[in-house]
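Open the structure in your viewer and keep the selection tool ready. We will go stop by stop.

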Amino acid sequence: MLPYVTMEEAEEAMGRGLSYAERVWFRYSANKSDFVLHCHNIVFLCFFYSAASLPYVFIELCNNKSIVKCKVQPRVRNTFWQMFKCYKNVMHTFILAVGPLQILSFPTVKLLGIRTDLSLPSGWEFVLQLSVYFIIEDFANYWIHRILHSPWAYQKIHKVHHEYKAPHGLAAPYAHWAEILILGFPSFLGPTLVPCHITTYWLWFVLRQLEAIETHSGYEFPWSPTKYIPFYGGATYHDYHHLVGENCQCNFASVFTYCDLIYGTHKGYRYKTKLLKKASLNQQNHKTE
Ligand SMILES: [Zn+2]
Ligand SMILES: [Zn+2]
């Protein structure tokens, strides 16, 4: 909640006129408590999960020939009811586990210094803070994911996320409730170390979710803008991890591939892609002969 009653008071306190974005923010947030603004995250979580996954659900169901070419595992098709069951389970977890956690985390988030004031971050501040959050989360996620592949943790927790050998967009947060909560910790780590404005905080969780949906979509589109992000893993990369399943000892990265490269957990995947390239070259040679 902003400490000003009118926009004129706010301008007086700031000692300058408000920018367009600041005016919009004033109108939106002036009469809302910080708790209500914080709880927007639960609504965004459910909304963006549903909205961003929907195009991938249609793509999976329509089975268009030109789109199937971009499917990582073209022989596997997820049915409507499989995807619906997944959606229902994820929404249950969101409402029963993630929602209460978001509400309970409010005092901590306040204490960390997530601000709701009128000084909105600049474009550069957005970009730099979000980049730091992605890197911190990716590193922590890599190690947690590796631990989740230990025999006990896999059987008790991580097995649920690996139910889909050929994942689809809705399967990104499909996991045991304990895994959702455990992996929530690295997401909070960035804003804990580098506190930000609540708009950056919202954007961080939205972008992270969109990224996870794309990575689990099962489709690798050549026009995707994520192709230009250095060390970005993407759908093909993560799909291999799901395909191998329990015994997979590679491709643990959730966003970037650099941890797999540094710690040598990319070798199985590299070997497999080399074999596939060789096989397709042989096939082409046979055709031309
Ligand atoms: Zn895994
Ligand atoms: Zn996954």
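The tour below runs from the whole chain down to single residues.

**Before you start**

This is a predicted model: local features need pLDDT of at least 70, side-chain atom pairs count only at pLDDT 80 or more, and totals for chains, interfaces and linings use all residues. Residues are numbered from 1 along each chain as its sequence is written, while chains are lettered from A and ligands numbered from 1 in the order in which they are written.

**Stop 1: the whole protein**

Show everything as a cartoon. You will find 13 helices and zero strands. Helices here are DSSP runs of H or I with at least four residues, strands are runs of E with at least two, and both are numbered from the N terminus. The C-alpha trace spans about 80 × 45 × 40 Å along its principal axes.

How much of the protein is buried? Buried residues make up 29% of the 289 residues. A residue counts as buried if 20 or more other C-beta atoms lie within 10 Å of its own, as exposed if 12 or fewer do, and as partly exposed in between; the C-beta atoms are placed from the backbone.

Now think about contacts. Two residues are in contact if their C-beta atoms, placed from the backbone, lie within 7 Å. Of the contacts with a separation of 6 or more, 70% join residues 24 or more positions apart.

**Stop 2: two domains**

Colour residues 1-31 as domain 1 and residues 34-288 as domain 2. These bounds come from an automatic or database domain assignment. The centres of the two domains, taken over C-alpha atoms, are 36 Å apart.

Look at where they touch. Nine residues of domain 1 are in contact with six residues of domain 2. On the domain 1 side, the elements giving two or more residues are H1 and helix H2 (20-29). H2 has the largest share, with five residues. By class, this side of domain 1 has seven nonpolar, one polar and one charged residues. Ala, Val, Leu, Ile, Met, Phe, Trp, Tyr, Cys and Pro count as nonpolar, Asp, Glu, Lys and Arg as charged, and the others, Gly among them, as polar.

Next, select H1, residues 7-14.

**Stop 3: the nonpolar cores**

A nonpolar core is a set of buried Ala, Val, Leu, Ile, Met, Phe, Trp, Tyr and Cys residues joined through C-beta atoms within 7 Å. The largest one here has 22 residues. Select Cys-86, Val-90, Leu-170, Ala-171, Tyr-174 and Tyr-219, which have the most contacts inside this core. Helix H3 (34-62), helix H5 (80-104), helix H9 (177-193) and H10 each give two or more residues to this core. H3 gives the most, with five residues.

Zoom in on Val-90. Leaving out residues up to four places away in sequence, Val-90 touches Tyr-49, Leu-170, Pro-173 and Tyr-174. Apart from this core lies another, of eight residues, including Ile-114, Tyr-201, Trp-204 and Phe-205.

**Stop 4: H10 against H11**

Select H10 (198-216) and H11 (234-244). Their axes come within 7 Å and cross at roughly 65 degrees. Axes are lines fitted to C-alpha atoms, for helices over the stretch in contact, and angles run from 0 to 180 degrees between N-to-C directions. H10 and H11 are therefore roughly perpendicular, a label for angles of 65 to 115 degrees.

Glu-214, Thr-215 and His-216 in H10 meet Gly-234, Ala-235 and His-238 in H11. This contact has one nonpolar, four polar and one charged residues.

**Stop 5: single residues**

- Phe-231 sits in the loop between H10 and H11. Its phi is positive, near 65 degrees, in a residue other than glycine. Phe-231 is partly exposed, because 13 other C-beta atoms lie within 10 Å.
- Asn-251 is in the loop between H11 and helix H12 (258-262). Its phi is also positive, about 55 degrees, although Asn-251 is not a glycine. Asn-251 is buried, because it has 23 C-beta neighbours inside 10 Å.
- Gly-113 lies in the loop between helix H6 (106-112) and helix H7 (123-148). Gly-113 counts as exposed, because it has 11 C-beta neighbours inside 10 Å. The C-alpha atoms of Gly-113 and Cys-196 are separated by 7.2 Å, yet the two are 83 residues apart along the chain.

Definitions and conventions: Angles under 35 degrees count as roughly parallel, over 145 as roughly antiparallel, 65 to 115 as roughly perpendicular and the rest as oblique.
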